[in-house]
Amino acid sequence: MSFPDQRETHAVHAEDSPSSGDATDSELNAPVDISNELAEKRSERSDGKRELKEKDCYQILGYSWPRWKKWTYLAAVAFVQVSMNFNTSVYPAAVKPLSEAFNISEQHARTGQMAYLVTYSIGCELWAPWSEEFGRWPILQLSMFLINIWQILAALAPNWGSMVVARALVVFPLWQANA
C-alpha cells in the first residue's frame, strides 16, 4: 500500500527479503529510526495535538512487523476472545449450583449472566475514548487492575446481590483487552 506523497521507502519483512540469510538476528530486530522523516511530516490538529497518519509512520505499524510478531499478537487476541466466550458460555452450567448455594430461583441466578453481557456491551463505549486520549497501555493496565479487584469481590461475595454486582464489574474493564 502506498500513498501519493509517500517516499519510496517500503517496509521489507525479513522472511520476504532474499538476502535475509546474510543478516544477523540483531540486525533484523534493530529498531528503525525514522525520527527525521516524522519531523518533516508532522501534522497538528486545531487543538495543538499531533495526529499521526498511516503514511507518516508506515514502517513502524503492524503492517511492517515480522511474521512471528504478527502471529504472537494474533494468538494473544485469540486467547482473550476464547476466554471471553468461555466466561459467557460456561455460566449456564453454574446456574443450578448458584441457585442452591444462594437459595434463589434458577431464573434469578441467570441475572448474573445478563449483568455480564449488558456491562460488556457498555464497556466498549467507555474505554474506547479513554484509550484514544491517554493511550492503550495505561488504560489496559488500569482495566487489568480493576478486573483483579472485582474478581476478589466475586470470590468473597456474601450474598447474591454482591455476586451480580461483582460479575458486572468484572467484565466492565475487560473490553479494553479486546481492543
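Predicted model: local features only at pLDDT ≥ 70, side-chain atom pairs only at ≥ 80, totals over all residues.

Visitor: Which residues of α6 make the contact with α3?

Guide: On the α3 side, the contact involves Met-84, Asn-87 and Thr-88. By class, the contact of α3 with α6 has four nonpolar, three polar and no charged residues. The residues contributed by α6 are Gln-113, Tyr-116, Leu-117 and Tyr-120.

Visitor: How many helices and how many strands does the chain have?

Guide: Read along the sequence, the pattern is α-α-α-α-α-α-α-α. The chain therefore has eight helices and zero strands.

Visitor: Is Thr-119 buried or exposed?

Guide: Thr-119 is found in helix α6, which spans residues 111–134. Leaving aside neighbours within four places in sequence, Thr-119 is in contact with Ala-168, Val-171 and Phe-172. Its relative accessibility is 15%, and the cut-off for burial is under 20%. Thr-119 therefore counts as buried.

Visitor: How is α6 oriented relative to α7: roughly antiparallel or oblique?

Guide: The angle between α6 and α7 is about 135°, and their axes are 7 Å apart. Angles over 145 degrees would count as roughly antiparallel. Because the angle is about 135°, α6 is classed relative to α7 as oblique.

Visitor: Which residue classes make up the contact of α6 with α7, and in what numbers?

Guide: From α6, the residues are Trp-127, Trp-130, Ser-131 and Phe-134. They meet Arg-136, Pro-138, Ile-139, Leu-142, Ser-143 and Leu-146 in α7. By class, this gives seven nonpolar, two polar and one charged residues.

Visitor: How far apart in space are Ile-139 and Trp-127, C-alpha to C-alpha?

Guide: Ile-139 lies in helix α7 and is buried, with a relative accessible area of 6%. Trp-127 belongs to α6, and both residues take part in the contact of α6 with α7. They are 12 residues apart in sequence, and their C-alpha to C-alpha distance in space is 7.7 Å.

Visitor: Why is α7 described as roughly antiparallel to α8?

Guide: Helix α7 (residues 136–155) and helix α8 (residues 160–171) have axes 8 Å apart. Their crossing is left-handed. Angles over 145 degrees count as roughly antiparallel, so the description of α7 and α8 as roughly antiparallel follows from their packing angle of about 165°.

Visitor: Which residues of α8 are met by α7?

Guide: Helix α7 contributes Ile-147, Trp-150, Gln-151, Leu-153 and Ala-154. By class, the contact of α7 with α8 has eight nonpolar, one polar and no charged residues. The residues met in α8 are Met-163, Ala-166, Leu-169 and Val-170.

Visitor: What kind of aromatic pair do Tyr-58 and Tyr-63 form?

Guide: The structure holds three aromatic pairs, and Tyr-58 with Tyr-63 is one of them. Tyr-58 counts as buried at 13% relative accessibility, whereas Tyr-63 counts as partly exposed at 46%. Their ring centres are 5.6 Å apart, with 10° between the planes. Because planes under 30 degrees apart count as stacked, the pair is stacked.

Visitor: What share of the contacts with a separation of 6 or more is accounted for by residues 24 or more positions apart?

Guide: Considering the chain as a whole, 26% of its 179 residues count as buried. Among contacts in the chain with a separation of 6 or more, the share from residues 24 or more positions apart is 60%.

Methods
Residues numbered from 1 in each chain as written. Heavy atoms only, no water. Helix = DSSP H or I, 4+ residues; strand = E, 2+ residues; numbered from the N terminus. Buried < 20%, exposed > 50% of the residue type's maximum accessible area, 1.4 Å probe, protein only. Contact = heavy atoms within 4.5 Å. Axes fitted to C-alpha atoms, helices over the stretch in contact; angles between N-to-C directions. Parallel < 35°, antiparallel > 145°, perpendicular 65-115°, else oblique. Left-handed = near helix turned anticlockwise from the far one by under 90°. Nonpolar A, V, L, I, M, F, W, Y, C, P; charged D, E, K, R; others polar. Phe/Tyr/Trp six-rings, centres within 6.5 Å; stacked < 30°, edge-to-face > 60°.
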